[in-house]
Amino acid sequence: MIDFRSDTVTKPSQEMREFMFNAPVGDDVFQEDPTVNELEEFAANYFGKEAALFCSSGTQTNQIAINVHVQPGGEVICHEESHIYKYEGGGIAKNSGASVRLLQGDRGRLTLESIAQWMNPDDVHYPKTQLISLEDTANRGGGAIYDVEEIKRIRHFALENGLPLHLDGARLLNAIVATGVNPATYATNFDSISVCLSKGLGAPVGSVLIGTKDFIKKARRVRKVFGGGMRQAGMIAAGGLFALKNNVERLKIDHQNALELERCLVQLNWVERVYPVQTNIVVAVLKDASKRDLLIGKLKEQKVLAMAFGPGMVRFVTHLDISNAQMDQTLEVLKALTI
Ligand SMILES: *Cc1c(COP(=O)(O)O)cnc(C)c1O
């Protein structure tokens, strides 16, 4: 199968497995796992931030960050299609007792104007706005990237109003590789950043949460309370460390492959349009929305897996387990397909 459903389907390479197998370990709840410590230090340094925390998933890093930033009864401003709201099982309400102000915005991104409009005044009637959360790249926006100037404007507003700013950077490295923006620019503009190691970077498990020493100290406590303290976690952290050291630059290959898919898809008579590709996610909107599942079924018969992504929409995600030969084969399948 040629699996474009998600960049989470990657399997650790032989080299990564060996690195994991040989990783020195210790009890991470005592902060004595040398590999976890090395990963946390490496991730913090990569972004020029003080500290980092290795967690089991991106949902966990996001939920921990939200819990550190907000009090029960507070409110989080985020996009209506953001992962923290849409795909984390209602965690903002359940874990942190906070409400959400859901905003619209082009391809999963917020603007300063909409945020400023919906920040609540200090009035007993309203929930207290306590956090702004952005997603970069934006999954539901088809891997769309924020203009870094917009991030800076939002940061300026957040600082003026004493609001922390969180970044769900599950695919932040895709944005960094695509734009060439210095990772430290993100670090200076956000109070906390969550980065997934288990997507395009190819590690089997884990995410890192990045912030100040003080923030990470609080986050470590929340992780424990959420049941996420791990012991000889270096076994899995090693995969993440290997990924950060070896698999970042090659994300450009995934972006090239996504562009090739876009170029092919826009020419097909059953495709209405394709979200302009910016990173590794390709979203095709079908002319006949009712044929979505038929299309996915026909592709599967030809050993190409794609994912339903809403009414009449299909998502393809490129990643490091897609070979050149598989790309060629996929383009042939797409060109020959009729629905
Ligand atoms: C995948 C993803 C996450 C985290 O997902 P986990 O499966 O919990 O690791 C968070 N935000 C976005 C935008 C994602 O795509």
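A polar contact here is a pair of N or O atoms within 3.5 Å; within protein, one must be able to donate a hydrogen and the other to accept it, and residues adjacent in sequence count only if both atoms are side-chain atoms. Helices (H or I, at least four residues) and strands (E, at least two) are DSSP runs, numbered from the N terminus. All the views come from a predicted model, where local features need pLDDT of at least 70 and side-chain atom pairs count only at pLDDT 80 or more, while totals for chains, interfaces and linings use all residues. Residues are numbered from 1 along each chain as its sequence is written, and side-chain values use heavy atoms, with hydrogens and water left out.

View 1. Aspartate 33 caps the N-terminal end of H2, with a side-chain oxygen 2.9 Å from the backbone nitrogen of threonine 35. The helix takes in residues 34–47, 14 residues in total, and spans 20 Å from first C-alpha to last, close to the 20 Å expected at 1.5 Å a residue (1.5 Å times one less than the number of residues). After H2 comes glycine 48, with a positive phi near 65°.

View 2. Thr35, Val36, Leu39, Glu40, Ala43, Ala44 and Phe47 are buried (under 20% relative accessible area; exposed is over 50%, partly exposed in between; 1.4 Å probe, protein chains only). They sit on the same side of H2 because their arc around the axis is only 165°, taken from the directions from the helix axis to the C-beta atoms. Turned away from that buried side is the face with the exposed residues Glu41 and Asn45.

**View 3. Around the ligand.** Among the residues around the ligand are Ser57, Thr59, Asn62, His83 and Lys199 (a heavy atom within 4 Å). Glycine 58 puts a backbone N or O atom 2.8 Å from a ligand oxygen. In the side chain of aspartate 168, an N or O atom is 2.6 Å from a ligand nitrogen, and one in the side chain of arginine 171 is 3.0 Å from a ligand oxygen. On its own the ligand exposes 380 Å², and the protein buries 84% of that (Shrake-Rupley areas, 1.4 Å probe).

**View 4. A cis peptide bond.** Aspartate 136 and threonine 137 are joined by a cis peptide bond, omega about 0°. Look for threonine 137 in the loop between strand S5 (128–135) and helix H7 (148–160).

**View 5. Positive phi at arginine 107.** Though not a glycine, arginine 107 has a positive phi of about 45°. Its loop lies between strand S4 (99–103) and helix H6 (112–118), and arginine 107 is buried at 16% relative accessible area.
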